[in-house]
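Open the model in your viewer and keep the selection tool at hand.

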Amino acid sequence: MFRSIVRLGNALSLNKVCPRRHQRCALKYSTAAAERKKFYEDVSISQGEGGLFEINLDRRKLKTPGGKLFTVPNEALAIAVATEWDAQRETLKFYTMHMTTLCNTALDNPTQRDKDQMINAALKFLETDTVCYRVDEPHALVELQKNEWDPVLHWIENRYNITIGSSSSILGPEIPEATKDTFRQHLNSYNFWSLTGLEYVITQLKSVVLSLGMIDRHLSVEQAVLLSRLEEEYQIRRWGNVEWAHDYDMYELRARTAAGALFVQLSSESSTVKRKLLQD
Amino acid sequence: MASLASPLRVCRGILKELRAIQGPSYKQSLAYAYVMDQYRKNKVTGERYCRAQQEAHHASHTYLCLLASTRNHLALHNLYHGKGERSPEEVAGLVGLRLPTQPGGKGWEK
């Protein structure tokens, strides 16, 4: 019987060959298969050399698609990744494993970028930031944008001592150089892993302002996603909700944004427990 | 902006999600141990505005959002987009035809 081969875009090409069980489960970026059977029973974490944590599937160590050993700097991140792998049933669905994907990107760096390139890419979003782009009509949407987006803009202007205007022209607002320098300096203070996560979140929300608001704990994930999709929510309220498109997109955006935010937070924190003795 | 739900509700939400992922033995999982440990550690704090406590609360809320939305996304995906393509027999059956059978196999088949 002739079996049809499914093409999924130009990045992935599906090889309809039974997945061979290697001794080391190395997945390549170019020949990533869409569906793999679950080949392990237990997921556990272990601490290797240098204090880095590794993930063990049965007794094999997890590797990144680039072939490197999968190591994370702290235990919380390792547990999050292990829970993702543990949540898979029968087939591995990589599109649900957002933390794993982020860790792989940070470890492999397949596009070979350094910190400055990433900061430039993130700041490019500032010029076309969602929160700064306003419409002129319909009037209800203008009001909604003013009520919801203006407070966030004021908050970020106060927090970072900068000015960002909002505009309704097609070219967008004029961002002064001082603002960009302030942001550049702020972004430089994050380490490479956190920057990977932060840039991911900015790309998902299409807004630097909302991403920083969420990372600085001014907004929750749901609020940030709602503000990013403000016009869609307005149209949904007007014309009705289509579950298989609107809800699907919203949950996917929430999952990705939450993963990115958690990734940034876990990569940039270092926690110590200070025990204070109760004096009586 | 609305404030976050109380830490207790977030904790119970996370445990519910872990139970949905892992089934009845979720109490032996790594994530359960870690989450309960973090909650116990951050419960008592001397200052009124404790930054570590705020960070932990925000992080737990984010993790709850992550678990809940991946579960919902997967459910919606399976419900609406999970069927895949129909096989050639089903496609033929849609219009009332049947595929021809060739007892000796087609020329290129072995």
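At the start of H7(A), which backbone nitrogen does a side-chain oxygen of A:Ser207 reach? Select A:Ser207 and A:Val209: in this predicted model, the oxygen comes to within 3.3 Å of the backbone nitrogen of A:Val209.

Now select the whole of helix H7, residues 208-215 of chain A, which is mostly covered, with 8 of its 8 residues buried. Among the buried residues are A:Val208, A:Leu210, A:Ser211, A:Gly213 and A:Ile215. Step just past the helix to A:Arg217, where phi is positive, at about 65°.

Next, go to A:Thr196, which lies in helix H6 (residues 192-205) of chain A. Is this residue buried or exposed? Its relative accessibility is 8%, so A:Thr196 counts as buried. Show its side chain, which reaches the backbone oxygen of A:Phe192 at 2.8 Å. Leaving aside residues up to four places away in sequence, A:Thr196 touches A:Thr105, A:Ala106 and A:Met118.

On the H1(A) side, the contact is made by A:Glu75, A:Ala76, A:Ile79, A:Ala82 and A:Thr83; on the H2(B) side, select B:Leu30, B:Ala31 and B:Tyr34. Coloured by type, the residues of this contact divide into 6 nonpolar, 1 polar and 1 charged.

Terms used
Residues are numbered from 1 along each chain as its sequence is written. Chains are lettered from A and ligands numbered from 1 in the order in which they are written. This is a predicted model: local features need pLDDT of at least 70, side-chain atom pairs count only at pLDDT 80 or more; totals for chains, interfaces and linings use all residues. Side-chain values use heavy atoms; hydrogens and water are left out. Contact means heavy atoms within 4.5 Å. Helices (H or I, at least four residues) and strands (E, at least two) are DSSP runs, numbered from the N terminus. Ala, Val, Leu, Ile, Met, Phe, Trp, Tyr, Cys and Pro count as nonpolar, Asp, Glu, Lys and Arg as charged, and the others, Gly among them, as polar. Buried means under 20% relative accessible area, exposed over 50%, partly exposed in between (1.4 Å probe, protein chains only). A polar contact is a pair of N or O atoms within 3.5 Å; within protein, one must be able to donate a hydrogen and the other to accept it, and residues adjacent in sequence count only if both atoms are side-chain atoms.
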